[in-house]
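Hello,

Here is the structure I promised to pass on. Please open it first, then read the notes below.

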Amino acid sequence: MDTTTDARSAAPYDLVGVGLGPFNLSLAALADGVADLRTLFLDAKAEFSWHPGLMVEGATMQVPFLADLVSLVDPTSPWTFLAYLREHDRLFPFYFAERSHLSRREYEHYCRWAAARLPNCRFSSPVHAVAWDARTRLFRIGLPDGEAVAARNIVLGIGTEPVVPAAFAELHAAGAVHHAEDYLTVRDTLADSTDVTVVGSGQSGAEVFLDLLRSRGHAPGRQLRWLTRTRAIAPMEYSKLGLEHFTPDYTRYFHGLPSHTKDALVPAQWQLYKAASAETLADIHSALYDRTLGAAAADVEILPGTEVEAARRGSCGGLELHCRHLQTGITYTRRTGAVILATGHASRHPALLDPLGELVIRDDQGRLVVDLEHRVGLDDDVTGGIYVQNAELHTHGVGTPDLGLGAHRAATILNAVAGRPVHRLPPRTAWTTFGVPRPGAPASEPTPASASVPAPRSAPGSGRLPQRSVR
């Protein structure tokens, strides 16, 4: 086994990962210890971190603890959350705490533990460029000080970036409004503002609103507002069968749909992956109820179904939000002292691929074409493989950003790179049959969605390792 991370070694790596968020960290953990597979994962940061500005006290994960880096693929791995607890002598406290969902802070601490110990992870290593060398049939990954590594395959886990609505773009660029990504950094400055507005009703918006609701007290004249385009402050879909949209079965079904159907389906499923948890909404209601003790809660305003069409500095200071109520069409203005944009995140543009130009295949909207194994479509002359993690919402559906599918996707990529089943994956993961059932198929057989995995590709561009990796 060769797990060295010496980037100056002459031998090419079988897989190099760019970016070390939870998804590529999962791949690094599942690759650790695999015979005859050389992997290296690089990140520009000095150490692992995960949305530090959103580590609000009491915020919990939206997935159970089994959605760690490896457990849903290999529960015997030394990188499970339970192994982390054992190393820190916290198994009994966790057992008695009876917590299915971890705090966000504990999940990050677990990831930091794994990232600091995995031998194939290297921080303080920004990647400057990726190029395809047709002569050697290898990718060249440019690092600082002229250093470079060679790889047969690469996987991009470069993460997401904050979404800033066009109405707020100028103010955000000037530092007059802030994204929720930076909430903890700016929270203390909000104490001086008599009027604060939170825009966006997903989980981060609900957590920021709740934190402000709890921390701003009942002082007269201190207004707190929650504004969202969504037609209602609605909870995340969390029914047992509803959650089957976050299974590999549904991903396979979705991937086979026509592009226009996918593009219409994803926004219609916002309650599956963009809403707030019912528990957080219940906590907000309780906090609002407590504010009515002895007086009406006139200092709080919740405005669903409202779009901010323009935002500018007010003539007398503060900010002016020019709003439209979407169902009635009525426009109005709200003046506020501060705005937190809880408007979500989107996949970061993979600028590293730009130099590859026409070697990268894109759809008619300029988006990456990504196959079922998360491999980017490439010109046939490129025999290496480029894989993506959390950049394929348009091809793989609502489970793309979900941590519960992270280990399965990582194992799928690893199996594709190795050209063999490094990790066994289940043929069926849902009770629901997505799509049309096969006539006469017994209920115990895999659904058509889970039976539609394409045969391993051996044509040029597959990025697979030679048979030397088979054990």
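One definition first: contact means heavy atoms within 4.5 Å. Angles run from 0 to 180 degrees between N-to-C directions, with axes fitted to C-alpha atoms. Please keep in mind that this is a predicted model.

Helix α1 covers residues 22-31 and lies across β1, β2 (39-42), β3 and β7. It runs at about 155 degrees to β2.

Five strands make up an open sheet, ordered β3-β2-β1-β7-β18. The pairing is parallel. At the edges sit β3 (121-122) and β18 (385-388), each of which pairs on one side only. Strands of a sheet pair through backbone hydrogen bonds, either parallel or antiparallel. Between β1 (residues 15-18) and β7 (residues 153-156) there are three bridges. Valine 16 has isoleucine 154 in β7 as its bridge partner.

Next, the helix packing. The crossing is right-handed. From α1, the residues involved are Phe23, Ser26, Leu27, Leu30 and Ala31. From α13, they are Gly406, Ala407, Arg409, Ala410, Ala411, Ile413 and Leu414. By class, this contact has nine nonpolar residues, two polar and one charged.

α7 contributes Gln203, Ala206, Glu207, Phe209, Leu210, Leu213 and Arg214. α11 contributes Thr280, Leu281, Asp283, Ile284, Ala287, Leu288 and Arg291. Eight of the residues in this contact are nonpolar, two are polar and four are charged.

Last, the aromatic rings. How many aromatic pairs are there? The count comes to 20, taking ring centres within 6.5 Å as a pair. One of them joins phenylalanine 81 and tyrosine 84, at 5.4 Å centre to centre with 35 degrees between the planes. That pair is tilted. Both residues lie in helix α2 (residues 81-87), three residues apart, or about one turn of the helix.

Best wishes

Terms used. Residues numbered from 1 in each chain as written. Predicted model: local features only at pLDDT ≥ 70, side-chain atom pairs only at ≥ 80, totals over all residues. Heavy atoms only, no water. Pairing = 2+ DSSP bridges. Helix = DSSP H or I, 4+ residues; strand = E, 2+ residues; numbered from the N terminus. Left-handed = near helix turned anticlockwise from the far one by under 90°. Nonpolar A, V, L, I, M, F, W, Y, C, P; charged D, E, K, R; others polar. Phe/Tyr/Trp six-rings, centres within 6.5 Å; stacked < 30°, edge-to-face > 60°.
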